[in-house]
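I opened the notebook today to look up a few things in this structure, going through one chain and then the other. My entries follow in the order in which I made them.

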Amino acid sequence: MSDKTPWPEVIELLRPATGETVYMVLTATLLAVVGGLPLGVMLHLTSPAGLNPNPPAHRVLGVVVDVVRSVPFVVLLVVLASFTRFLVGTAIGSTAVIVPLTVGAIPFFARLTANALREVDTTLVEAAITTGASRLRIVWTVLLGEARAALVGAVGVTAVTLIGYAAMAGAIGGGGLGTTAIQDGYQGYDDRILYSSVILLGALAWGMQLITDFAAKIVDRRRVVTSA
Amino acid sequence: MITVENLTKSFPHDNGAVVALDNVSMQVPDGAVCGVVGSSGAGKSTLARCIALLDKPDSGAIRVDGTDLVALDGKSLRAARRRIGVVPQGDSLLRQRTAAGNVALPLEAANMSAPQRRSRVAELLDLVGLSDKAPVYPDQLSGGQRQRVAVARALAAQPSVLLADEPTSALDPSTTDSVLTVLDRARSELGVTVLVVTHDMAVVRRIADDVAVLEQGSVVEHGKVLDLVSEPGSRIGSTLLPETDQGSAVPAAGIGHDVVAEVVLVGFAAVGALLPEASNRFDVELSILGGGLTRLGDTPVAKFRIGLSGELSESALKWMIEHDAHVRRAPVSVDGVAA
Ligand SMILES: Nc1ncnc2c1ncn2[C@@H]1O[C@H](COP(=O)(O)OP(=O)(O)OP(=O)(O)O)[C@@H](O)[C@H]1O
Ligand SMILES: [Mg+2]
């Protein structure tokens, strides 16, 4: 609570930090979708109600997904440190943090994907089966196609969760707004920086939610006709 | 032509099994519309799902144009599926695709080129009377329109067989009519063989040539509707034809008549002329004690309880039988009221 950093300097500090956070979150979200979508599809397909029920495979996938998901992110960060170092050459900094962020987010997004696909009415799948469509076409057109709004929503939820994780990683040198908040704000006894970073994190999460909600609405061709 | 031979299907249930289909055999001739009726749980949907190749029967054969489809898998199964158009029970349209997009699905599955697909989709939407709804999403269509799109989709890949499970169960009578008209057109314009599962006898009355009655997994009645209605004791007959006992309207049935009988008359000629002609020819007095006229598809069918008085009553009745009236003598009970 001593002398306050002047606003221009605060802004100078927060600008790159925000960029780093956005970079980490967007990259990790993208990688989580790339990895989590197929995993979620497999999770659904192998389930008893899926196109290709396979109880052993389903159980193994489920356990892997849920175990990783239940590991607290901080623990993941530490446990994955050497793997991260092997992959990107360092365990600190925003690029390094993308590794544990992605590892944590893949099963998260996979589970959301499987849940979204489960909501697709089996009648639609069966109707497609009777047309002689291949499994791949059914997955693409019926499952992913019909669940598209829920999937975009899942991307949003994942991204927002990752904003929190990225901030947490910032606390142990991950870079971005989290690091600024802790190092310059909290440890530097500067409320202005601390609260500005926190507000920016919140704004990012809110903006992300807004954007993905809007995107979900755009891709959703269902128009619920409400009668008065 | 659909042939079902000794089809058996059971589902595990508690510690035992529910036999949903018990040695079912039936066939639908080329270009015919066959209704499958029966009470809830009789096995209608199971039969439809087996023929749609969605459920595998425990035993038996399902032939479409001769080939047994039960044993197929992989590519040959997918190819066989294209020969069977299916309108599943309930809402089955993709809500994220337009009417046209839904109809295109089987064509995409068959790898048809986009321009060909477009013209075929237009043809089909025209067939079901929904050309103007091509760019509309299912949520903005009425229930009847959605079912017609589902029929168009089922017909897209030019199947030889069309299978519809309760296509009208969620619809009101006038909407039902529009869907039935479309099924009827599929048969008359495309020559498709149609099997329609329904609990609604109005569907049978309106479009079925043939009918199969399922009860607890077994076929208890099967044949041409017009043949069955004239068979004594037929359930189809008793449901589709008018009642002949109209309570107090026929108090004197059997009294004052030499012969009381039930007659079923099928077709314009019989319905229009047979009774008066018999009456004239044999100089018997003929009175109608009950019953009435109905229509099965395009065919007028009448069921009357008649009373004949006159010396030649028996001969008149015999003459009617010779002229294709289906006659059942009403047993006359002691108190003079025909039972
Ligand atoms: N997937 C299933 N698992 C277990 N039992 C089933 C299954 N499908 C059908 N059955 C049973 O098989 C019997 C026949 O069912 P089915 O759905 O064929 O009847 P339905 O004639 O179509 O009846 P409804 O008119 O109510 O649709 C019922 O006893 C039902 O409980
Ligand atoms: Mg049913």
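Before counting anything I noted that helices (H or I, at least four residues) and strands (E, at least two) are DSSP runs, numbered from the N terminus. The model is predicted, so I kept in mind that local features need pLDDT of at least 70 and side-chain atom pairs count only at pLDDT 80 or more, while totals for chains, interfaces and linings use all residues. Residues are numbered from 1 along each chain as its sequence is written, chains are lettered from A and ligands numbered from 1 in the order in which they are written, and side-chain values use heavy atoms, with hydrogens and water left out.

**Chain B, overall.** I found 11 helices and 14 strands in chain B, and its C-alpha atoms fill a box of roughly 75 × 50 × 35 Å along the principal axes. Over residues 2–241 I read 38% helix and 28% strand, with the end C-alpha atoms 28 Å apart.

**Chain B, a sheet.** I then followed an open sheet of 4 strands in the order E12-E13-E11-E14, with antiparallel pairing (two strands pair if DSSP finds at least two bridges between them). E12 and E14 (326–329) stand at the edges with a single partner strand each, so one side of each is left without a neighbour in the sheet. E12 (residues 285–296) and E13 (residues 299–309) pair over 11 bridges, and I noted B:Ser287 opposite B:Gly307 and B:Gly290 opposite B:Arg305. These two strands form a hairpin with 2 residues between them, and B:Gly297 in the turn has a positive phi of about 65°.

Where does A:Ile172 lie? I located A:Ile172 in the loop between helix H8 (148–170) and helix H9 (177–186), and A:Ile172 is partly exposed, with a relative accessible area of 47%.

How values were computed. Buried means under 20% relative accessible area, exposed over 50%, partly exposed in between (1.4 Å probe, protein chains only).
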